[in-house]
Amino acid sequence: MTNTAETPANEDDDDWEREPDPSDSLRTFGAMAQALREHAGLSRAEFAEIVRFSKHTVESVERGRRMPDEAYVERGEGATGNTGALREGAKHLTRRDPGIAAWFRQWARLEKKATILCTYECRLVPGLLQSRSYAETVIANLLPPPSDEQMDAWLNARMDRQKLIHERPKTEFSFIIEEHVVRRRLGGDEVAREQMDLLLELVKLRNVIIQVMPTDTEIHAALDGPIAIMELPDGKRLAYSEGQRNGRLISDPNEAATLHQRYATLRSQALNPLDSVGLLNRIRGAL
């Protein structure tokens, strides 16, 4: 999807559709750590000396403002009776992902595990395929206008996410893009040329398939909007739905199966990969 409620702390949890702020997990861990420290009869200063961190760090962890590192957790376990509670709690902590939309973070993390990733887009070039100048244009068109700092964070996050295609050569990446999207000269001719060049470069990779859905089609399996689906190594099939400033990871088997079926049908309705590349070359030649 185009990308940008935080993600669940435990990525292996089946409750993917609940998206608490990561500060929820930090605050919960901090409250538990404070309770264990107080039960052990230790002041913050005494606990800080034992775990060999500053009192300020201990306070920050207990107030849910700071992610504890492994040494803090292990020494904290020893100081509070080795109950295992801190170790277990630390497994469910998450860091923020700067530049990625809160509602998209869990999907972005699961992408790194997927064996199959498929995206249908009818609005703009999918985030994984965007050139830097195209992505910058997309972000610059957001309303309200982002700050320079937000622009940089979002742009860098999107470019970093694109490394997936090269870092996971055994993952199948399939994209179906509406013809009007690749014809739109978003950002002007120079931006459009750069974007088309990138698409034509990526489609040469053996793990990337790009298909174009022609505008003159008389049948269409995805009239409800964009589709993102994935399959994980254990065979679990997930889907993702995104709208205006929101998104939802779909783990319900029946709902996910429906979107997988729609995408499979759409692949048969779109131009085949060879004809799609031919069309992309013609569009590029006209720029």
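Mentor: The model is a predicted one. Arg37 belongs to helix H1, which covers residues 22-39. Setting aside residues up to four places away in sequence, Arg37 touches Leu42, Ser43, Arg44, Phe47, Glu62 and Thr80.

Some of these partners lead on to a pair of helices. Arg44 and Phe47 are in helix H2, and Glu62 is in helix H3. H2 runs over residues 44-51 and H3 over residues 55-62. The axes of H2 and H3 come within 8 Å and cross at roughly 105°. That angle falls in the range from 65 to 115 degrees, and the two helices are therefore roughly perpendicular to each other. On the H2 side the contact is made by Arg44, Ala45, Phe47, Ala48 and Val51, which meet Lys55, Val58, Glu59 and Glu62 of H3. By class, the residues of this contact are 5 nonpolar and 4 charged, with no polar ones. Arg44, Phe47 and Glu62 take part in the H2 contact with H3, and Arg37 touches each of these three residues as well.

Apart from neighbours within four places in sequence, Val191 is in contact with Ser133, Tyr134, Thr137 and Leu186. Ser133, Tyr134 and Thr137 are residues of helix H7, which spans residues 132-140. Val191 and Ala135 are 56 residues apart along the chain, and their C-alpha atoms are separated by 9.6 Å.

The axes of H7 and H11 come within 8 Å and cross at roughly 125°. H7 and H11 are therefore oblique to each other. Here Arg132, Ser133, Tyr134 and Thr137 from H7 meet Val191, Glu194 and Gln195 from H11. The classes in this contact are 2 nonpolar, 3 polar and 2 charged residues.

With a relative accessibility of 25%, Ile116 counts as partly exposed. Leaving out neighbours within four places in sequence, the contacts of Ile116 are Thr171, Glu172, Ile229, Met230 and Glu231. Ile116 and Phe173 are 57 residues apart in sequence, with 6.2 Å between their C-alpha atoms.

Strand E2, residues 172-178, pairs with E3 in the parallel sense over 6 bridges. E3 covers residues 208-213 and is mostly covered, with 5 of its 6 residues buried.

As for the setting, the protein chain holds 13 helices and 6 strands. It has 287 residues, of which 48% count as buried. Its accessible surface comes to about 14,500 Å², and carbon and sulfur atoms account for 48% of that area.

How values were computed:
Residues are numbered from 1 along each chain as its sequence is written. This is a predicted model: local features need pLDDT of at least 70, side-chain atom pairs count only at pLDDT 80 or more; totals for chains, interfaces and linings use all residues. Side-chain values use heavy atoms; hydrogens and water are left out. Buried means under 20% relative accessible area, exposed over 50%, partly exposed in between (1.4 Å probe, protein chains only). Helices (H or I, at least four residues) and strands (E, at least two) are DSSP runs, numbered from the N terminus. Two strands pair if DSSP finds at least two bridges between them. Accessible areas come from the Shrake-Rupley method with a 1.4 Å probe; for residues, only the protein chains shown count as cover. Axes are lines fitted to C-alpha atoms, for helices over the stretch in contact, and angles run from 0 to 180 degrees between N-to-C directions. Angles under 35 degrees count as roughly parallel, over 145 as roughly antiparallel, 65 to 115 as roughly perpendicular and the rest as oblique. Contact means heavy atoms within 4.5 Å. Ala, Val, Leu, Ile, Met, Phe, Trp, Tyr, Cys and Pro count as nonpolar, Asp, Glu, Lys and Arg as charged, and the others, Gly among them, as polar.
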